[in-house]
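Student: I've got a structure open and I'd like to talk it through. Can we go step by step?

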Amino acid sequence: MTGNPAIETHDLVKIYAASEEPALNGISLIVPEGEIFGLLGPNGAGKTTTINILCGILRPTSGQVRVAGMELNGSLKEIKKVIGVVPQDIALYPTLTARENLYFIGSMYGLYGKLLQSRVDEYLTLFGLMKFANRTIKTYSGGMKRRINLIAGILHRPKILFLDEPTVGIDVQSRTVILDFLKTLNAEGTTIVYTSHYMEEAEHLCTSIAIIDQGNIIIQGRPAEMIGSQPGYNNLESIFLNLTGRTLRDH
Amino acid sequence: MRKLRASIRKEFLILVRDWAGLGLIFLMPVVLVMVMSLIQDVTYKKLDETSLPILFLDRDLDELGMQVRQGLEQTGFFKVSTSVGGQTLDENTILKLVAKGDFQMGVVIKEGSTAAIRARGQYFVQQTLLGDDEDALPPENMDKAGIVIYFDPAIKNSFKITVRNTLENFTSKIEAGILFRALAEEVAQYLPEPPAPVSDPGEGIVYQEIYATNEHTEIVPNSVQHNVPAWTIFAMFFIIIPLTGNIIKERENGLATRLRIMPGNKLQALGAKIFIYMMVGLVQFTLMFLFGKFILPYFGLPSLLLGPEKIALLLMALATALAATGYSVLVGSVARTHDQAAVFGTVSVIILAAIGGIWVPVFMMPDLMQKASIISPLNWSLSGFYDILLRGGGIREISDNLLLLLGFFILNLAAAIWASEKGVRR
């Protein structure tokens, strides 16, 4: 573990109004600054709920949350300025062009004028989308949409970046571009919290990992240490299946 | 301020790229105003400005028959036909033609009607002047006077009553004239010298029609003065379809979540939508009123007269646009799906329009519906526009309506914010 905690949670509980079972059942986490933290788990395990609470989208039923050294409850406005979120859905306006979407989102983070324009151009170029900048999002392929969705989350250069399954359903080229970029971003000091179903991807990308199931963290640590500590299992996927079982998780 | 400007720009771009929404917002009301004004134009015209073809059979061939025919023709409201296709009419033909719907009405003056009225007059005069002679029997033909009116079953009851009242009005005058002459002739028999002929005294009571307005305006009620504001209000409330669609799409696409994650408050995001759709409402108002003033006359309709209170008109349009926007934002925040919002939005606006007097004037509704009309924001708006456009009112006269509409907007907006907070951060 290095640096101060970027994220801390203590006994985090979330019970949805329409449900009797808790979605999160007392989760305690510490993610130090500069980590790429992978939150892994089967469907309905509580990954997205955790991310949504950390971003201030959902209120926890109980428990404490600190993000970037600030209490979530009471400092949400300040926290929003230093975090970036790449949601699972392509949260972009389909009838606006990529540039129009990014200009709008950048403006919401206080970017404007030449700075906004240069930042948008820089990322569009980096992700190979410059020549499609003036096409509406609805004409984009799945991979292109994912890349713009990622740019929308990093345009303001956040200290902490949350990514909820950022590579789901895209081609290998787009996935490689995104993962390479995340490594670069992390190397520049951004803490990354990332959820995924792709174990191999998480094993290679993440510096630390927590596996969550039925609202509980069942194991937490560095991927290499985890693999070494489980005799007979030589990769993250086999450990994951061993811990969460092979039963299908429909929710 | 930069964030609000960026949000407004984004909302504007989304709106102008939604061709279906634009058509609904701007094209539908223009078509509605034109169609409804043309349809209702006749009901606002004076009787002599239009004519309805009717069949007429005079079996009386005397004073009543002649005068009824003359009277019908003189109203200018009827085009009297005594033959069809070169063939003279009989009662059976009239019945068939009206039943087929070829004509909406047929009038038959019964045989001996004038003679019966005369006999009745003479009998009553004799009874009056000579006292009650128990042996004197009433003449046999006294009850034979009559007019049969055949109506097309599809005709509206209100029209039937109007025609019946018109006929009764001038047949009673004719009957009174015949009775008066019978009385004069009878009285003359008992006088030493015949009386000098009486000249026509003319109408006993003169009716003067004046529209009760606050100021002496030149505005005359007509279908355009009624329909342009009514359907403009309807159209302004119909932004519920594109605006709820916008809000729900934002939610379904995860954009509402993105907006929550980004710095800035809920009011800022909503403020941009409210601003854009309020402007849409004002553009609708301007276009529709210009259409009423300059385009409708090309279709043979009267030009819309705006009167002197332009600022009051603008304020009423602004308050209506805000009320419509507030209501749409609330429906968009509460509805779970696009279909739910579209169905509920459309039906609720149509009901509020019906209750509010957009389709049928409130005074023509049953008591219960008249009482219900006060809950419709479309009624508050329509009353305000009528105060300005028909009654010559100004800002003072419409202040209650303005306050009601603004209150409605604020309440809806507060409820929408509460509902979306409750829904998202549950």
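This is a predicted model: local features need pLDDT of at least 70, side-chain atom pairs count only at pLDDT 80 or more; totals for chains, interfaces and linings use all residues.

**Where the chains meet**

Student: How many salt bridges does the rule find across the interface of chain A and chain B?
Tutor: Polar contacts are a separate count, and there the two chains have 8 residue pairs, both at pLDDT 80 or more. For salt bridges across this interface, the rule finds 1.

Student: Which helix gives the largest share of the side of chain A that touches chain B?
Tutor: Three helices of chain A each supply at least two residues to that side: α2 (72-82), α3 (98-108) and α5 (142-154). With 5 residues, the largest share comes from α3(A).

Student: How much area do chain A and chain B bury between them?
Tutor: The contact takes 31 residues from chain A and 24 from chain B. Carbon and sulfur atoms account for 61% of the buried area. The total is about 2700 Å².

Student: Over in chain B, at what angle do the axes of α7 and α14 cross?
Tutor: α7(B) covers residues 223-237 and α14(B) covers 377-389, and their axes come within 10 Å. The crossing is right-handed. Its angle is roughly 145°.

Conventions. Residues are numbered from 1 along each chain as its sequence is written. Chains are lettered from A and ligands numbered from 1 in the order in which they are written. Side-chain values use heavy atoms; hydrogens and water are left out. Contact means heavy atoms within 4.5 Å. Buried area is the accessible area (1.4 Å probe) that two parts lose on being put together, summed over both. A salt bridge is a side-chain nitrogen of Lys or Arg within 4 Å of a carboxyl oxygen of Asp or Glu. A polar contact is a pair of N or O atoms within 3.5 Å; within protein, one must be able to donate a hydrogen and the other to accept it, and residues adjacent in sequence count only if both atoms are side-chain atoms. Helices (H or I, at least four residues) and strands (E, at least two) are DSSP runs, numbered from the N terminus. Axes are lines fitted to C-alpha atoms, for helices over the stretch in contact, and angles run from 0 to 180 degrees between N-to-C directions. A crossing is left-handed if the near helix is turned anticlockwise from the far one by less than a right angle, and right-handed if clockwise.
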